[in-house]
Amino acid sequence: MNGHAAEATWDALNPIGERELPKYLGINHRLDTLDGNTIGLFDNAKRSCHSVLGKVEKLLQERFPAIKISWFRKGTYKDVLWDEEKEWAKGVDGVIGMFGD
């Protein structure tokens, strides 16, 4: 032995593997008005989201009488609802999201 420790070499691998980057679609245009449009209220299932969004819904309906509201409550980390969320998003013109406690 020469008194020097052998230098280790490690290879880091991505467990996901190689994948294509998603196509960037850009940001959607801003709605001219909320009146007459269907607005989605996205609730990320945190404890205060539903009550805050409920107040937002009431304010929107007072300000925009012809607005239509569609709710979506995200699943928990155990209950992912990707397909349902995508289908819901097809039926709305805009989304207001609530994230947090």
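This is a predicted model: local features need pLDDT of at least 70, side-chain atom pairs count only at pLDDT 80 or more; totals for chains, interfaces and linings use all residues.
## Helix 1, end to end

Which residues of helix 1 are buried? They are Cys-49, Leu-53, Glu-57 and Leu-60. Looking down the axis of helix 1, you'd find its buried residues within an arc of 70°, so they line one face of the helix. The general rule behind such a pattern is that an α-helix has 3.6 residues a turn, so residues three or four places apart point the same way.

What do the buried residues of helix 1 pack against? Their partners are strand 1, strand 2 and strand 3. Over on the other side of helix 1, Lys-55, Lys-58, Leu-59 and Glu-62 are exposed.

Three of them make an open sheet in the order 2-1-3, and the pairing is parallel. Strand 2 (68-73) and strand 3 (94-98) sit at the edges with a single partner strand each, so one side of each has no neighbour in the sheet. From one strand to the next, the twist averages 20°.

Strand 1 (residues 38-43) and strand 2 run parallel and are joined by six bridges. If you want a spot to look at, Asp-43 stands opposite Arg-73 in strand 2.

## How the helices sit on it

Helix 1 (residues 49-63) packs on the sheet and touches strand 1, strand 2 and strand 3. Its direction makes about 170° with that of strand 2. Helix 2 (residues 82-90) packs on the sheet too, touching strand 1, strand 2 and strand 3. The direction of helix 2 makes about 170° with that of strand 2.

## The whole chain

Stepping back, the chain has two helices and three strands. Read from the N terminus, the elements go β-α-β-α-β. Among contacts between residues at least 6 apart in sequence, 71% join residues at least 24 apart.

What about the overall dimensions? A compact globule of 101 residues would have a radius of gyration near 13 Å, but this chain comes out at 23 Å. Along its principal axes, the C-alpha trace spans about 85 × 30 × 20 Å. As for burial, 20% of the 101 residues of the chain count as buried.

Technical notes:
Residues are numbered from 1 along each chain as its sequence is written. Side-chain values use heavy atoms; hydrogens and water are left out. Two strands pair if DSSP finds at least two bridges between them. Helices (H or I, at least four residues) and strands (E, at least two) are DSSP runs, numbered from the N terminus. Axes are lines fitted to C-alpha atoms, for helices over the stretch in contact, and angles run from 0 to 180 degrees between N-to-C directions. Contact means heavy atoms within 4.5 Å. Buried means under 20% relative accessible area, exposed over 50%, partly exposed in between (1.4 Å probe, protein chains only). The arc is that of the directions from the helix axis to the C-beta atoms. The radius of gyration is taken over C-alpha atoms; the globule rule is 2.2 Å times the number of residues to the power 0.38.
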